[in-house]
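Here is my notebook page for today. I wrote down each thing as I looked it up.

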Amino acid sequence: MTSSFRQSLGGRIDRSRPLGFSFDGRRYAGFAGDTLASALLANGVHLVGRSYKYHRPRGILSAGAEEPNALVGIDDGFGRFTPNLRATQVALVEGLKAQSQHRWPSLRYDVGEINDVLGSLFSAGFYYKTFMGPHWLAPNWAWKNLFEPVVRRAAGLGDAPHEPDPDRYAQYFEHCDVLVIGAGPAGLAAAKAAAASGARVIVCDEQGELGGSLLSEHQATIDGVAAADWLSATLDELAKAPNVRLTPRTQAFGYYAQNFLGLAETVDDAERRANPNAPRERLWQVRAKEVVLACGALERPLVFPDNDRPGVMLADAARVYLHRYAVKVGDAVVVAAAHDNGYRVALDLAAAGVRVARVVDLREAPSGTGFDAARGAGLGVATGAKLVGTRGRLRVSAVGVETDAGVEWIDCDALLMAGGFTPSVHLYSQSRGKVVWDEARQMFLPGVSGQRERSAGACRGVFALAEALADGARAGTQAARAAGFAAADPAIPRVDNAPETQGGTMGDVSARGRAHAKAFVDFQNDVAAKDIRLAVREGMRSIEHVKRYTTTGMATDQGKTSNLNALAIAAQMLGKSPPQVGLTSFRPPYTPVTFGTLAGASRGELFDPVRRTPIHGWAEANGAAFEDVGLWKRAHYFARAGEDMPAAVAREVEGTRERVGLFDASTLGKIEVVGPDAAVFLERMYTNPFARLEVGRCRYAPMLNEQGFIMDDGVVARLAPDRFHVTTTTGGAARVLNQMEDYLQTEFPELKVWLTSTSEQWTTIAVQGPRARNLIEPFIEGVDISAEAAPHMSVREARFAGVRARLMRVSFTGELGFEINLPPEFARAAWAALAEAGRAYDAVAYGTEAMHVMRAEKGYIIVGQDTDGTVTPDDVGLAWAVGKLKKDFVGKRSLTLPDRLGANRKQLVGLLSEDPAHVFEVGAQVVDSAQPSQGTHALGHVTSSCLSPTLVGSIALALVENGRARKGERLYVAGLPAKVSETTFYDPEGTRLHA
Amino acid sequence: MPSALASHGPLDGFSWPQTEAFSLRLAPPAARLVLRGDGAVAAAAGAAFGVAIPQTPLRAAAAAGRVALWLGPDEWLLMSEGEAPTLLAAMLEDALKQLPHSLVDVSQRQIGLQIEGANAARALNAGCPLDLSPAAFAVGAATRTMLAKAEIVLWRRGANAFHIDVWRSFADYAAKFLVEAAARAPR
């Protein structure tokens, strides 16, 4: 297909590389170097989408990141679909498939267009006013049940993909001395100057090609050569410098604290084809010593009736399409200007053979070189004009202009708006800098720096090419010096032949009597000038309120083209100056960032570390079901063929109680406490006394927080006078070490004691049950583990099958038990050897569920299950573990507070359901009547509950007010009766423990 | 006495990338001890260890298969390739018996990984927020830091050669993370 709007010469496209693509199923041709937008325009396609609210036909407005209309869904030729991409930023590749959005059934005939006719119903604040529902309904009822389902279906922009994203995304931290954002004239001059000092420089730019406005500069010369030649020489020089990284296709989207910036790089087609591992996007998290913001400026549209038809564009965009892509945006154009750039555009287009039907200058008496040149070139110029509106359905066909001579409709197929330029202060504002209003020039400019940054060029109102280059060079030098480099004064390039432009307007420029027409301010959110005025009439005074009421500036483009016009309209209504009405703050991201980029590698198996114990492989091979405990995978139960979980748990409990069971307790936290003051330190950290704990002995120890509540528990084993092996709960491992370290460093710095985590230095195999000693005895060398030589709560350093082991005689089941701590590398083989030897005893492997059941049968608490951060040792029957004679320990003072000694404290008790088959729900309230009336005070709640295979019935632990005094009482849980009992349901004398 | 029990590791069967730009391998087995104490402890331990224990923050000192890494004002990680931890510990305990200190064997707690190649720093920087340029993190620099969601000890052994130590149960995550990060890096 011929591209009728493509010029045969010029532009930066590569005519030797034609590319085929499709838009809404129709095939077109473009060239390498095109964007989707330029390629569509080359084919005469302006209509690319429907607007958000009114479903009005919309065309390409701009040539850059500010594009509010041309949002398309893209299949990029790799079989991936992404919605909501700006056609102006999508690099054309072979086979690209683009789809318009927000229309049904087709772009040309969209049912939703009815909204445009019904527009008067959808005024500003429409949602707030309409979806309240009748007052006789419950608040929110109508919204939740009637309106929200419908609104949700109609809302949203583009279709979210339904399949998991097949692409990969990567994130890297990066550091540099000077980060230059924007590779236009100011940015490149800054980069050059900074790089010359030897500083590490990164230059990023959102576009595929670096150069910014230089890419469409065909008139000016820099240092005596054409701007394009200066550009390629400068880029060559920077690319060769080892201290410079040039990153095109990279949007600086966020400026965070301490000069931390987020850069999103789109990986290009060439890299993705060359490297199948290449990600789709990379997030660069840059910590820059100094930043140069050279973000440029955005042209403002003009606000007048029906200013949104396809073919109505920003004037400078037409110039960019012409010079950079050799594309004429139309055959007959009208330029509506409040700024001299309109003349520049008109002259350039005329020189390229486009018929310029009229230059309509809104200013009464324009002057200057542009105006003179346009007159000289014979272009028709109207001055002091007002804009009445436009005609055309899917493309503009005429524009109505009101002058002293009356209203004239001028035929055209493109209308170009030159409203003046808005400096891009977004990133400056994000960096916590406060913008300052320049009354003379009617623009917001960067003020004092909030961080180590400076702006250069158009983003701080320095527009002329010569000045922007000089400004950039100075900024680059200054940044390098601030980063500690001796930068020489920069050479300032000489510029000739660059046109000087000025002017600009803000707000509504409609002809009088057209106040009710739709003069769009925010194209993406379909906010018109009358909506802003309505918001002000309804009492909104600050631009922040106007924004929220009308949604102006709130779409994905964040008001890049609309903010100042909206502000000017509101300010005019209020009779105030723009800064008095305020400027909304700019928030990251500057342009939308994909979730994939933010997630990076954090997906699938890298979403979180999965911690597996050394025995995991054996458990997996032997039917274990795993449960997540923090990041750990723990064996929950080991089901044999045909067994469900209760059957497996019952078998594991029975096997352990009757014979012997193996349990993987490796995830327990372990801390080695070493130093001459180790015992003193532990005395202060735990409730029990340790000074007289003999070497070779262990003690169960609760740890309290400052409030006197139990925060963890474990076993403290004394290996030597100055060395203890301390265990913690699985979940408490890091917390306990932190608490200990905190106290050691801040409260007891005088103590000679040091803490080292040994959680993963030792793998713990618990061997529990009456045959435990028989099972392990053959493996143990070097120590006597008989009941007399190694009593309950003793610890021995021994060898197990030839490897070093710490053997603790402890029990969390109530049976005779050992915990064998082994070097992890040998733990799996040790476990397998025990399991093999255990066949002789019909040993079982048991999981965490059987462990929970067995300890509940014994009334052993689990911190965090039977305690909740409001429970003292006495509350759970651990008063015996508190050293009454100890001078002090963490939490001691709080244990004497009136609240902790009060009469009605909740105490841990046993609950036996009168129906032994019924298992109460953990967390269920405990009350004293079967059918409590509303508002009945709960006496407490169930903390642990299970079916005990040993007792053949339901058992539960509960925290109940004054519980110990209620032994034998009948209480109710969910309407069912239960008897209050002791917490120890099994072997209360502990004879099995000491076997 | 050699153990009859077979040894297993968290990275058994891992497929180790070995390219010019990026290679990852398991570090040779080593004794690892955490030494805590004051300057006198460091001096005495250094004399016995044969490597002067660094008093300068973020530095490692290495000689003949042994290395001492500064991890804090009173904390060092001592590593000795191919040595039995019990023997090394006994030798050091002997040299330190007059000084209050703590020496704890962590040989099994962590796994050492060696990362080499032009992309090594880039891959580490996928999860480590530090500036790893040679100017900021020179050869011989060492620190405790993060690799994405895992804590590591990082030691630069050469211009393009790093050693990390990571807790055993995080080793699989760290290794997979590095492989992923290296694969997605710009070439």
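In which sense do E32(A) and strand E34 of chain A pair, and over how many bridges? I found that E32(A) pairs with E34(A) (residues 632–638) in the parallel sense, over two bridges. Strands here are DSSP runs of E, at least two residues, and helices are runs of H or I, at least four, numbered from the N terminus. Two strands pair if DSSP finds at least two bridges between them.

A note on the source: this is a predicted model, where local features need pLDDT of at least 70 and side-chain atom pairs count only at pLDDT 80 or more, while totals for chains, interfaces and linings use all residues. Residues are numbered from 1 along each chain as its sequence is written, and chains are lettered from A and ligands numbered from 1 in the order in which they are written.

Next I looked up one bridge: Arg611(A) has Trp632(A) in E34(A) as its partner. I then noted the whole sheet, which is open, has three strands in the order E32-E34-E33 (chain A), and shows mixed pairing. E32 (611–612) and E33 (624–629) of chain A each have a single partner strand, so one side of each lacks a neighbour in the sheet.

My next entry is a helix. H12(A) has 13 of its 18 residues buried (20 or more other C-beta atoms, placed from the backbone, within 10 Å of a residue's own). Gly484(A) follows H12(A), and its phi is positive, near 95 degrees.

Last, I turned to the two chains. I found 41 residues of chain B in contact (C-beta atoms, placed from the backbone, within 7 Å) with 41 residues of chain A. H4(B) gives the largest share of chain B's side, seven residues.

Key:
Two residues are in contact if their C-beta atoms, placed from the backbone, lie within 7 Å. A residue is buried if 20 or more other C-beta atoms lie within 10 Å of its own, exposed if 12 or fewer, and partly exposed in between; C-beta atoms are placed from the backbone.
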